[in-house]
Amino acid sequence: MRMLLMGPPGAGKGTQAKVLAERLGIPAVSTGDIFRQNVKDETELGLEAKRYMDAGNYVPDEVTNAMVRDRLSEADAGAGFLLDGYPRTLPQVGTLDDLLAEHGHKLDAVVALVADTDVLVDRMLRRAKIDGRSDDSEEVIRHRQDVYTAETKPLLQVYAQRGLLVEVDGVGEIDEVSERVLAALKTVTE
Ligand code: ADP
């Protein structure tokens with residue numbers, strides 16, 4: 001299974017990615033997590049990414065694409081993967097298409113978690129109080145929603161045209177949402 005988990009910031013992609021990857025027996029590859037780990041380790045990539053992340057902007061495509069190319073070439077991703085937070089721009093869609101084509105692979109499904117912006121901003125503000133992520137101030141949270149709407153939401157149309165998109169209601173208990181995703185996956189992969 002090669003799948004994407006998409007949806008606006010705060011929709012629960014990270015949480016669902018971990019649960020679903022476990023259930024499906026494939027690695028979850030989260031670009032946000034990889035960037036945050038690099039920031040923590042103060043790598044060159046982390047130092048570069050941090051200024052974009054803190055402002056709620058996307059890390060440049062060249063940087064992100066190179067990182068994903070490396071990650072997906074690791075052995076554990078050979079038999080499948082769940083991408084969380086990638087692709088987020090049209091050039092990233094192109095890079096992923098190329099990467100897959102190089103190995104004779106294709107995507108099986110694109111799941112989009114759907115939730116109302118007000119619900120999302122609320123969730124993120126609550127999460128900010130708990131984890132204290134440096135990109136979780138109200139201003140940056142709102143900006144991330146706007147960047148998503150402008151840059152990433154249009155990608156859903158691209159995958160819908162390819163017949164890969166399934167939209168899943170992201171509001172509810174974690175388990176409930178996971179079950180919805182698993183049920184939705186059956187409809188596109190069968
Ligand atoms: P969220 O979905 O809550 O916004 P993520 O953890 O997925 O958060 O990403 C955090 C930040 O990492 C993003 O705001 C962005 O700066 C950077 N990032 C993650 N994935 C990408 C990507 N595919 N392209 C560019 N930047 C990315």
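Guide: A pocket is found on a 1 Å grid over the protein atoms alone: it is an open set of points with protein on both sides within 12 Å along at least five of seven lines, and its lining residues have an atom within 4 Å of a point. Grid points are joined across faces, edges and corners, and a volume is the space filled by probe spheres set on the points. Here the largest pocket has a volume of about 1,100 Å³.
This is a predicted model, in which local features need pLDDT of at least 70, side-chain atom pairs count only at pLDDT 80 or more, and totals for chains, interfaces and linings use all residues. Residues are numbered from 1 along each chain as its sequence is written, and side-chain values use heavy atoms, with hydrogens and water left out.

Visitor: How many residues line the largest pocket, and which lie nearest its centre?

Guide: The lining has 47 residues, and G10, K13, G14, R127 and R133 are nearest the centre. Helices (H or I, at least four residues) and strands (E, at least two) are DSSP runs, numbered from the N terminus. Two or more lining residues come from each of β1 (2-6), α1 (13-24), α2, α6 (117-131), α7 (138-161) and α8 (174-189). With six residues, α6 gives the most.

Visitor: What is the make-up of that lining by class?

Guide: Ala, Val, Leu, Ile, Met, Phe, Trp, Tyr, Cys and Pro count as nonpolar, Asp, Glu, Lys and Arg as charged, and the others, Gly among them, as polar. The lining of the largest pocket divides into 16 nonpolar, 17 polar and 14 charged residues.

Visitor: Which pocket does the ligand take up?

Guide: A molecule sits in a pocket if more than half of its atoms lie within 2 Å of the grid points. The ligand takes the space of the largest pocket. For the shell, a residue is near a molecule if one of its heavy atoms lies within 4 Å of it. By this rule 18 residues surround the ligand, with T31, R36, N57, G85 and R88 the closest. Helix α2 (residues 31-40) provides the largest share of the shell, four residues. The shell has six nonpolar, six polar and six charged residues.

Visitor: What is the volume of the second largest pocket, and what lines it?

Guide: Its volume is about 210 Å³. Among its 14 lining residues, P8, V114, A115, Y148 and K153 are closest to the centre. Helix α7 gives the most to this lining, with five residues.

Visitor: Where is there a cis peptide bond?

Guide: Y86 and P87 are joined by one, with omega about -5 degrees. P87 is in the loop between β3 (81-84) and α5 (90-102).

Key. 1 Å grid on protein atoms, 1.4 Å probe; cavity = no way out; pocket = protein on both sides within 12 Å on 5 of 7 lines; lining within 4 Å.
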